[in-house]
Amino acid sequence: MNPWTEHTGEELENVLRKLESIDKQLEALRESEEKKREPDALGWDDVTQEIIGAVTFALPFLFTGEIWDVAKVISLERSIAIFLLTIFLAYLFIVQSKIGNLKREELFHIPKRLISVSVISYLISAVLIYLYGINVVAHFTFLQYLNATVIISAFAIIGAIAVDMVK
């Protein structure tokens with residue numbers, strides 16, 4: 001006895017429509033999963049996350065007198081060394097870490113995320129120092145202002161990378 005012969009043509013058509021609907025839903029799920037696995041290209045959402053991370057991590061260090069004191073006494077050479085060390089560690093973290101599924105995009109053989117994270121972090125740090133008047137309160141010279149920007153940006157870069165990579 002064949003179970004299909006007991007059903008009418010209309011019932012069989014309903015079953016076929018339901019199967020087609022299920023097939024379309026499965027295909028949509030497959031496409032969604034494939035998109036999740038694709039590497040994330042640098043976009044405006046990433047830039048926004050980098051800004052949020054940089055501000056969040058820079059603000060607590062902006063208001064510490066110890067940072068101001070260090071910015072006043074370190075030499076330009078040490079400030080440059082801190083800058084280079086920070087950029088190098090950010091490079092290692094962006095390129096070598098397996099935390100985020102990031103698309104490898106480069107501009108002049110430099111990862112675009114490193115450029116965006118660095119520019120955002122240093123600009124945010126400089127602007128926050130000026131905006132909150134820390135340069136006036138701490139009586140910074142121009143060199144001390146740059147030193148403070150470099151020191152605070154070390155933390156801002158960490159925040160920008162962390163928030164950008166963890167989604």
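Which residues touch the most other members of the largest nonpolar core?

Reply: This is a predicted model, in which local features need pLDDT of at least 70 and side-chain atom pairs count only at pLDDT 80 or more, while totals for chains, interfaces and linings use all residues. Residues are numbered from 1 along each chain as its sequence is written, and side-chain values use heavy atoms, with hydrogens and water left out.

A nonpolar core is a set of buried Ala, Val, Leu, Ile, Met, Phe, Trp, Tyr and Cys residues joined through side-chain atoms within 4.5 Å, where buried means under 20% relative accessible area, exposed over 50% and partly exposed in between, with a 1.4 Å probe and protein chains only. The largest such core has 31 residues, and I129, F140 and I157 are the ones that touch the most other members. At least two residues of this core come from each of the helices α2 (44-62), α3, α4 (76-96), α5 (112-131) and α7 (142-165), helices being DSSP runs of H or I with at least four residues, numbered from the N terminus. The largest share, nine residues, is supplied by α7.

Turning to I157, and leaving aside its neighbours within four places in sequence, this residue is in contact with T86, I87, A90, V117, S118, S121 and Y122, contact meaning heavy atoms within 4.5 Å.
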